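This report describes one protein model for a reader who has not seen it before. Please look at the sequence and the structure first, then read on.

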Amino acid sequence: MKKRIVLVLCMVTLLITAMALAVACGTKDKAPADDNSGITNGGGNGDNGDNSGGDNGDVDDSGEELELVDISQYLTYQVVGDDLSVKGLQEDIKDAVSGVISSDTQYIDNAKIIIPKTYRGKQVIGIEYEAFSGCIGLKSITIPESVTSIGYGAFKGCSNLTKMIIPFVGNTKYGSSNTHFGYIFGTNYYTYNSKYVPSSLKSVTITSGTRIEEYAFSSCNSLTNIILPSSIASIGDYAFNDCSSLIDITLPASVTSIEEYAFAGCSSLTDIMLPNSITSIGSGAFATCSKLTGVTIPVNVTNIGSKAFSGCINIANIEVNEGNTKYHSQGNCIIETKTKTLIVGCKTSVIPFDGSVTSIGDYAFDGCSSLTSITIPDSVIYMGEWAFGDCSSLTSITFKGTSLQWNEIRKEEGWDFNTEKYTIYCTNGNISKYY
């Protein structure tokens, strides 16, 4: 009888223990009660609040859908006045995503986070300093438009990040300093963008703002795809300079200005659609975009800076919208109608024989290293700086005038720099240049 009592007591004890463990396990990851206890100055964890406007799906380099683990419920928050900022992740989860493994944790190497717009009735307006630093298992992050500031190094060391959806570039929305992409990865200087922005990061979507500031993505040479919001009106100097892997970018219809060297060195860019809203293309805007094959100048463009397409050695066609009253196409080159100046170089070797061109502008054919011959009408009286600079294969210039007319053409310094040797074929004889 005593043995049976002991056995029953043991079974009851085991049952109570099991029930306690089940309750503990079942409540471990649940949110606290819906009050403010989870959002103190020490942070807290809980449900994800309003996730409206989430991400668009996650894919790997081959285009296959990724199965990522959503760890958004483990976010911790900091009180900021009447609002909140994200401090980071619950400690044990951050350890797991950062590869800090103990006996009761498992490395999470395929995590994603979707930061909510609101949490427990409070708006999420910021992300704290180094909030997710070292989270090497984080692959995708979505930040809502409610966020107006992102702390220095918030994603420092997130070396396997592949996709970001962000409301702006840099430290603060509409900020005038620290507006480069590398700031949130731990660098104060745009010159170090390429060292701090992870090479794994391929896709960036920006959801708000009116301008991409100068040097914003300069030298982010692993990015392949950037999506801009419909609100963007201007793209600053060198904004995408040397984004050498960028193959796809769509300029929204709101853009009016592409500033100097904005896309210079985007050597993988094969096509760019310029909306009719654009009025100005800055100097060197697409310089050395060596895979560009064609460009159409929109109807409202009234200014194209020097060297705008310098070094675009594969451009076979430059067209001008028929409604553009400032520029027009002839022989696939662009000629400014008022001063009749050739202002953009192209692959053609013939400048029109009809008197429409009187000058060849600065850097017009600069860097056209495959150009072997050029025909110039006798209406030309001026050649700008580096007009044929670095045309290293040029061997033949056919001038539709006399040698005296050729010699009277005003030629600026460096107009034929690094052209090796060539022969000028005039109507009354030849002129040879040798080094």
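This is a predicted model: local features need pLDDT of at least 70, side-chain atom pairs count only at pLDDT 80 or more; totals for chains, interfaces and linings use all residues.

## Cysteines

A disulfide would need two cysteine sulfur atoms within 2.5 Å. For Cys158, the closest cysteine sulfur is that of Cys135, at 5.3 Å, so the two are too far apart for a bond. Cys243 is in no disulfide either, as the nearest cysteine sulfur, in Cys266, lies 5.2 Å away.

Are Cys158 and Cys243 buried or exposed? Cys158 has a relative accessibility of 2% and therefore counts as buried. Cys243 has a relative accessibility of 1%, so Cys243 counts as buried too.

## Overall make-up

The protein has 435 residues, and 49% of them count as buried. Its secondary structure consists of four helices and 29 strands.

The accessible surface of the protein is about 19,900 Å². Carbon and sulfur atoms account for 51% of that surface. Considering contacts between residues at least 6 apart in sequence, 46% join residues at least 24 apart.

Strands of a sheet pair through backbone hydrogen bonds, and the pairing can be parallel or antiparallel.

Which residues make the nonpolar surface patch of about 330 Å²? The patch is made by three tyrosines: Tyr189, Tyr192 and Tyr196.

Tyr192 lies in a loop. That loop runs between strand β9, residues 163-166, and helix α3, residues 193-196. The relative accessible area of Tyr192 is 37%, so this residue is classed as partly exposed. Patch residues must have over 30% relative accessible area, and Tyr192 at 37% is one of the residues that make the patch.

Notes: Residues are numbered from 1 along each chain as its sequence is written. Side-chain values use heavy atoms; hydrogens and water are left out. Buried means under 20% relative accessible area, exposed over 50%, partly exposed in between (1.4 Å probe, protein chains only). Patches are made of residues with over 30% relative accessible area and no salt bridge: like charges are joined within 9 Å, nonpolar side chains (Val, Leu, Ile, Met, Phe, Trp, Tyr) within 5 Å. Accessible areas come from the Shrake-Rupley method with a 1.4 Å probe; for residues, only the protein chains shown count as cover. A salt bridge is a side-chain nitrogen of Lys or Arg within 4 Å of a carboxyl oxygen of Asp or Glu. Helices (H or I, at least four residues) and strands (E, at least two) are DSSP runs, numbered from the N terminus. Contact means heavy atoms within 4.5 Å.
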